[in-house]
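I opened my notebook to look up a few things in this structure. Here is what I wrote down.

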Amino acid sequence: MDSTSTAMTNHMDAHTPTAARFTVLGIETSCDETAAAIVRGTPGQPGEILSNLVLSQFDEHAPYGGVVPEIAARAHIDHLDSLVASALREANLTLADVDAIAATSGPGLVGGLMVGLVTGKSLAFAADKPFVAVNHLEAHALTARLVAATPFPYLVLLVSGGHSQLLEACGVGDYILLGTTLDDAVGEAFDKTAKLMGLGYPGGPNVEKWALKGDPTRFDLPRPMKGRPGSDFSFAGLKTALRQTVTKLAPLTETDLADAAASFQAAAADTIEDRTRNAMRTMRDASDADGPIPFVVAGGVASNKMLRARLEDLATSEGFSLTAPPLPLCTDNAAMVAWAGVERMAIGSTDGLNTGPRPRWPLADLS
Ligand code: KG4
Ligand code: ZN
């Protein structure tokens with residue numbers, strides 16, 4: 001396993017009333033990252049990350065070119081207990097010092113969710129603390145408020161291996177879904193494309209690297225959904241078109257690979273930009289805000305430099321201000337889960353120990 005540890009600290013106002021401040025242990029096991037973190041904070045002010053540990057299962061899944069659910073669940077079991085102990089140790093706390101335990105209970109791979117949930121609920125029971133069942137998508141959406149005092153409402157673009165969504169965050173537990181994918185998630189399309197071209201796993205960073213040397217105009221790939229009303233995404237047609245292009249060309253030279261990667265990346269970025277523009281106009285039309293509306297990007301694909309530059313220009317021209325949390329908080333992590341726990345504790349929203357995993361859990365169901 002690759003082990004990375006991130007500790008980012010934002011200092012809080014010394015005059016924060018202690019009653020509204022919560023310290024929460026967060027657990028994340030919904031996909032292929034085993035993560036535990038401790039976050040302290042008061043909603044409305046940036047939080048303080050006391051520890052933030054992530055174990056990526058990259059090496060376990062690499063031979064298969066994608067995440068294998070059974071392997072992921074077993075790896076979570078092997079590592080979660082010691083990761084939680086390390087997160088507490090790094091924060092210089094014991095379980096008795098935290099106000100609540102929060103674990104991702106969906107959406108995600110059911111085996112991994114069960115490992116995180118059972119661990120979180122057991123710790124809550126043993127320490128007699130409240131338990132918070134966190135929606136993984138809400139945790140991504142609320143990260144903007146962990147890193148900065150981002151006021152509601154704001155627009156969120158979540159682009160990861162599992163999700164492509166545009167949503168308006170109106171409040172904790174209150175989200176309007178503006179668009180989602182009709183088939184593959186954008187990160188999944190990057191991963192499958194990379195696998196097809198033999199560029200390795202995870203696909204996104206490798207496609208980006210090859211695209212740097214390629215000609216994005218050489219292959220005329222489709223821009224699914226572009227020009228249509230609304231903000232839904234679709235990536236299956238793009239993926240299929242690329243497969244046909246690559247199959248026709250085989251065997252591929254290095255120039256072919258670079259051009260195909262660049263053409264794919266340009267098509268994906270065009271589509272995301274078009275869908276996001278529609279979401280911005282919808283939100284702007286319904287808003288009476290004078291100044292720029294916050295626009296938050298999250299998920300691994302948001303680390304793509306070309307996409308980020310496009311989104312930055314788009315935000316400026318549409319009257320939005322782009323906030324991108326630092327990369328370790330954009331990809332899957334437990335600090336975002338702990339922070340969702342802080343936000344939930346502040347509104348008195350906790351869950352019983354009979355809470356089960358929810359592999360499918362749309363954000364709209366939270367309202
Ligand atoms: O958010 P994340 O770490 O995990 C979840 O899927 O929840 O996102 C991982 C995804 C993978 O599909 C990966 O290929 C993609 O994000 N990704 C990228 C880049 N870095 C990671 N896609 C395009 N360009 C990148 N630079
Ligand atoms: Zn995620």
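Entry one: the end of a helix. Just after α11, Gly348 has a positive phi of about 70°. Helices here are DSSP runs of H or I with at least four residues, and they are numbered from the N terminus.

This is a predicted model; local features need pLDDT of at least 70, side-chain atom pairs count only at pLDDT 80 or more, and totals for chains, interfaces and linings use all residues. Residues are numbered from 1 along each chain as its sequence is written, and side-chain values use heavy atoms, without hydrogens and water.

I checked its length. The helix takes in residues 335-346, and its end C-alpha atoms are 17 Å apart. The expected span is 1.5 Å times one less than the number of residues, so 12 residues should span 16 Å, which agrees.

Is α11 mostly covered or uncovered? It is mostly covered, with 11 of its 12 residues buried. Buried means under 20% relative accessible area, exposed over 50%, and partly exposed in between (1.4 Å probe, protein chains only). Among the buried residues I noted Trp339, Glu343 and Arg344.

Entry three: cysteines. I found zero disulfides. A disulfide is a pair of cysteine sulfur atoms within 2.5 Å. Cys31 is partly exposed at 25% relative accessibility. Cys170 is partly exposed too, at 27%.

pLDDT is the predictor's confidence in each residue, from 0 to 100. The chain's mean is 92, and 95% of its residues reach 70 or more.

Conventions. Chains are lettered from A and ligands numbered from 1 in the order in which they are written. Helices (H or I, at least four residues) and strands (E, at least two) are DSSP runs, numbered from the N terminus.
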